[in-house]
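Please look at the sequence and the structure shown below. The briefing that follows begins with a single residue and then widens to the whole chain.

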Amino acid sequence: IEGYRHVIPYGWDHILFIAALCLLSFEWRALVEQSLLFTLAHSLTLALAIQGVVRLPASIVEAIIALSIAWMAIENLFVTRVKPMRLALIGGFGLIHGLGFAYVLGNRISESGRFYQALLFTNLGVELAQLTVIICMFLVFYTCVPSTRMPLVQKCVSACIAVVAIILFTTRL
(Lines give C-alpha, C1' and ligand atoms only; values in the text may rest on other atoms or scores of the structure.)
Protein backbone atom coordinates (compact mmCIF):
# COMPACT_ATOMS: atom_id res chain seq x y z
CA ILE A 1 0.00 0.00 0.00
CA GLU A 2 2.95 2.34 0.63
CA GLY A 3 4.03 2.09 -2.99
CA TYR A 4 0.55 2.93 -4.23
CA ARG A 5 0.22 5.88 -1.84
CA HIS A 6 3.63 7.13 -2.82
CA VAL A 7 2.30 7.63 -6.35
CA ILE A 8 -1.38 8.32 -5.70
CA PRO A 9 -2.00 10.86 -4.22
CA TYR A 10 1.49 12.09 -3.24
CA GLY A 11 3.74 11.32 -6.21
CA TRP A 12 3.12 14.16 -8.64
CA ASP A 13 6.50 13.60 -10.29
CA HIS A 14 5.58 9.99 -10.87
CA ILE A 15 2.10 10.81 -12.14
CA LEU A 16 3.51 13.36 -14.59
CA PHE A 17 6.09 10.86 -15.87
CA ILE A 18 3.47 8.15 -16.46
CA ALA A 19 1.12 10.70 -18.03
CA ALA A 20 3.91 11.70 -20.42
CA LEU A 21 4.33 8.04 -21.38
CA CYS A 22 0.62 7.84 -22.18
CA LEU A 23 0.61 10.95 -24.31
CA LEU A 24 2.80 9.50 -27.04
CA SER A 25 0.54 6.53 -27.68
CA PHE A 26 -2.49 5.07 -25.98
CA GLU A 27 -1.61 1.59 -27.23
CA TRP A 28 -2.41 -0.51 -24.17
CA ARG A 29 0.27 -3.19 -24.57
CA ALA A 30 3.04 -0.65 -25.19
CA LEU A 31 1.99 1.35 -22.13
CA VAL A 32 1.97 -1.70 -19.87
CA GLU A 33 5.41 -2.73 -21.18
CA GLN A 34 6.79 0.78 -20.58
CA SER A 35 5.26 0.86 -17.09
CA LEU A 36 6.75 -2.54 -16.20
CA LEU A 37 10.16 -1.54 -17.57
CA PHE A 38 10.07 1.63 -15.49
CA THR A 39 9.08 -0.35 -12.37
CA LEU A 40 11.80 -2.97 -12.88
CA ALA A 41 14.43 -0.28 -13.31
CA HIS A 42 13.43 1.74 -10.26
CA SER A 43 13.09 -1.47 -8.23
CA LEU A 44 16.73 -2.27 -8.94
CA THR A 45 18.11 1.08 -7.81
CA LEU A 46 15.68 1.27 -4.90
CA ALA A 47 17.06 -2.05 -3.62
CA LEU A 48 20.67 -1.02 -4.27
CA ALA A 49 20.21 2.35 -2.58
CA ILE A 50 18.57 0.82 0.48
CA GLN A 51 21.50 -1.61 0.75
CA GLY A 52 23.92 1.32 0.52
CA VAL A 53 25.46 0.15 -2.77
CA VAL A 54 24.56 3.31 -4.68
CA ARG A 55 23.79 6.78 -3.45
CA LEU A 56 23.53 10.24 -4.99
CA PRO A 57 22.64 13.52 -3.30
CA ALA A 58 18.85 13.94 -3.11
CA SER A 59 19.01 17.39 -4.71
CA ILE A 60 20.70 15.99 -7.82
CA VAL A 61 18.31 13.04 -8.04
CA GLU A 62 15.24 15.26 -7.68
CA ALA A 63 16.51 17.64 -10.37
CA ILE A 64 17.22 14.76 -12.76
CA ILE A 65 13.75 13.32 -12.08
CA ALA A 66 12.24 16.65 -13.16
CA LEU A 67 14.42 16.60 -16.29
CA SER A 68 13.28 13.05 -17.08
CA ILE A 69 9.67 14.20 -17.03
CA ALA A 70 10.49 17.15 -19.27
CA TRP A 71 12.42 14.92 -21.67
CA MET A 72 9.55 12.46 -22.10
CA ALA A 73 7.01 15.24 -22.55
CA ILE A 74 9.17 17.14 -25.05
CA GLU A 75 9.89 13.96 -26.97
CA ASN A 76 6.12 13.55 -27.39
CA LEU A 77 6.11 16.78 -29.39
CA PHE A 78 8.50 15.40 -32.01
CA VAL A 79 8.00 11.63 -32.08
CA THR A 80 4.94 9.76 -33.30
CA ARG A 81 5.56 6.24 -31.97
CA VAL A 82 7.46 4.34 -29.31
CA LYS A 83 10.95 3.47 -30.54
CA PRO A 84 13.66 1.32 -28.92
CA MET A 85 15.58 4.42 -27.80
CA ARG A 86 12.56 5.58 -25.82
CA LEU A 87 12.48 2.24 -24.03
CA ALA A 88 16.15 2.63 -23.13
CA LEU A 89 15.43 6.11 -21.78
CA ILE A 90 12.48 4.83 -19.73
CA GLY A 91 14.76 2.21 -18.21
CA GLY A 92 17.47 4.76 -17.49
CA PHE A 93 15.04 7.24 -16.02
CA GLY A 94 13.54 4.42 -13.94
CA LEU A 95 16.97 3.88 -12.39
CA ILE A 96 17.06 7.54 -11.34
CA HIS A 97 13.49 7.47 -10.03
CA GLY A 98 14.44 4.46 -7.89
CA LEU A 99 17.03 6.57 -6.13
CA GLY A 100 14.29 9.10 -5.43
CA PHE A 101 12.10 6.35 -4.00
CA ALA A 102 14.94 5.32 -1.71
CA TYR A 103 14.89 8.72 0.02
CA VAL A 104 11.15 8.47 0.65
CA LEU A 105 10.47 4.76 1.11
CA GLY A 106 13.89 3.32 1.94
CA ASN A 107 13.63 3.47 5.72
CA ARG A 108 10.19 1.86 5.75
CA ILE A 109 11.39 -1.01 3.60
CA SER A 110 14.67 -1.59 5.44
CA GLU A 111 13.05 -1.35 8.89
CA SER A 112 10.24 -3.75 7.99
CA GLY A 113 12.32 -6.77 8.93
CA ARG A 114 11.30 -8.44 5.68
CA PHE A 115 13.36 -6.60 3.12
CA TYR A 116 12.50 -8.57 -0.02
CA GLN A 117 8.84 -8.92 0.83
CA ALA A 118 8.53 -5.19 1.62
CA LEU A 119 10.42 -4.31 -1.56
CA LEU A 120 8.19 -6.57 -3.64
CA PHE A 121 4.94 -5.23 -2.18
CA THR A 122 6.11 -1.62 -2.43
CA ASN A 123 6.90 -2.08 -6.10
CA LEU A 124 3.65 -3.92 -6.75
CA GLY A 125 1.86 -0.94 -5.20
CA VAL A 126 3.79 1.45 -7.42
CA GLU A 127 2.97 -0.61 -10.51
CA LEU A 128 -0.72 -0.74 -9.59
CA ALA A 129 -0.69 3.04 -9.13
CA GLN A 130 0.98 3.47 -12.52
CA LEU A 131 -1.67 1.28 -14.12
CA THR A 132 -4.33 3.35 -12.38
CA VAL A 133 -2.84 6.51 -13.91
CA ILE A 134 -2.75 4.85 -17.34
CA ILE A 135 -6.38 3.75 -17.05
CA CYS A 136 -7.47 7.21 -15.90
CA MET A 137 -5.58 8.88 -18.75
CA PHE A 138 -7.16 6.47 -21.20
CA LEU A 139 -10.67 7.06 -19.85
CA VAL A 140 -10.33 10.84 -19.75
CA PHE A 141 -8.87 11.12 -23.21
CA TYR A 142 -11.17 8.66 -24.91
CA THR A 143 -14.35 9.95 -23.27
CA CYS A 144 -13.59 13.67 -23.41
CA VAL A 145 -11.51 14.21 -26.55
CA PRO A 146 -12.88 13.68 -30.06
CA SER A 147 -10.62 11.39 -32.07
CA THR A 148 -10.04 14.10 -34.65
CA ARG A 149 -8.56 16.35 -31.93
CA MET A 150 -6.60 13.66 -30.09
CA PRO A 151 -3.15 14.37 -31.62
CA LEU A 152 -3.46 18.11 -30.96
CA VAL A 153 -4.63 17.58 -27.37
CA GLN A 154 -1.84 15.06 -26.75
CA LYS A 155 0.74 17.60 -27.94
CA CYS A 156 -0.78 20.44 -25.88
CA VAL A 157 -0.89 18.38 -22.70
CA SER A 158 2.66 17.17 -23.34
CA ALA A 159 3.80 20.78 -23.70
CA CYS A 160 2.10 21.67 -20.41
CA ILE A 161 3.80 18.77 -18.64
CA ALA A 162 7.14 19.85 -20.11
CA VAL A 163 6.68 23.39 -18.78
CA VAL A 164 5.75 22.14 -15.31
CA ALA A 165 8.75 19.78 -15.30
CA ILE A 166 11.14 22.52 -16.37
CA ILE A 167 9.83 24.74 -13.58
CA LEU A 168 10.33 21.84 -11.13
CA PHE A 169 13.87 21.39 -12.43
CA THR A 170 14.78 25.06 -11.96
CA THR A 171 13.34 25.14 -8.43
CA ARG A 172 15.31 22.02 -7.50
CA LEU A 173 18.68 23.30 -8.63
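**Briefing on a predicted helical chain**

Beyond its neighbours within four places in sequence, I109 touches L46, I50, F115, A118, L119 and T122, where contact means heavy atoms within 4.5 Å. The model is predicted: local features need pLDDT of at least 70 and side-chain atom pairs count only at pLDDT 80 or more, while totals for chains, interfaces and linings use all residues. Residues are numbered from 1 along each chain as its sequence is written, and side-chain values use heavy atoms, with hydrogens and water left out.

- I109 belongs to helix α5; helices (H or I, at least four residues) and strands (E, at least two) are DSSP runs, numbered from the N terminus.
- With a relative accessibility of 2%, I109 counts as buried; buried means under 20% relative accessible area, exposed over 50%, and partly exposed in between (1.4 Å probe, protein chains only).
- One of its contacts is I50; I109 and I50 lie 59 residues apart in sequence and 8.0 Å apart in space, C-alpha to C-alpha.

**The nonpolar core**

- The largest nonpolar core contains 46 residues, and F17, I109 and M137 have the most contacts inside it.
- Such a core is a set of buried Ala, Val, Leu, Ile, Met, Phe, Trp, Tyr and Cys residues joined through side-chain atoms within 4.5 Å.
- At least two residues of this core come from each of α2 (12-24), α3 (28-50), α4 (58-78), α5 (84-110), α6 (115-144) and α7 (150-172).
- In soluble globular proteins, nonpolar side chains tend to be buried together.

**The chain as a whole**

- The secondary structure consists of 7 helices and 0 strands, in the order α-α-α-α-α-α-α from the N terminus.
- The radius of gyration is 16 Å, close to the 16 Å that the globule rule gives for 173 residues, so the chain is as compact as a globular protein of that length.
- This radius is taken over C-alpha atoms, and the globule rule is 2.2 Å times the number of residues to the power 0.38.
- The C-alpha trace spans about 55 × 30 × 30 Å along its principal axes.
- Of the 173 residues in the chain, 47% are buried.
- Among contacts between residues at least 6 apart in sequence, 85% join residues at least 24 apart.

**Surface and charge**

- The chain exposes about 9,100 Å², of which carbon and sulfur atoms supply 71%; these areas come from the Shrake-Rupley method with a 1.4 Å probe, and for residues only the protein chains shown count as cover.
- There are 11 positive and 8 negative side chains, and the centres of the two sets lie 5 Å apart.
- Lys and Arg count as positive and Asp and Glu as negative, with His and the chain ends not counted; the place of a charge is NZ of Lys, CZ of Arg, CG of Asp or CD of Glu.

- L24 lies in helix α2 and is buried, with a relative accessible area of 8%.
- Leaving aside neighbours within four places in sequence, L24 is in contact with N76, V79, T80, R81, V82, R86 and Q154.
- L24 and Q154 are 130 residues apart along the chain, yet their C-alpha atoms are separated by 7.3 Å.
- V140, in helix α6, counts as partly exposed at 46% relative accessibility.
- V140 and Y116 are 24 residues apart along the chain, and their C-alpha atoms are separated by 36 Å.
- P9 sits in the loop between α1 (2-7) and α2, and a cis peptide bond with omega of about 20° joins I8 and P9.
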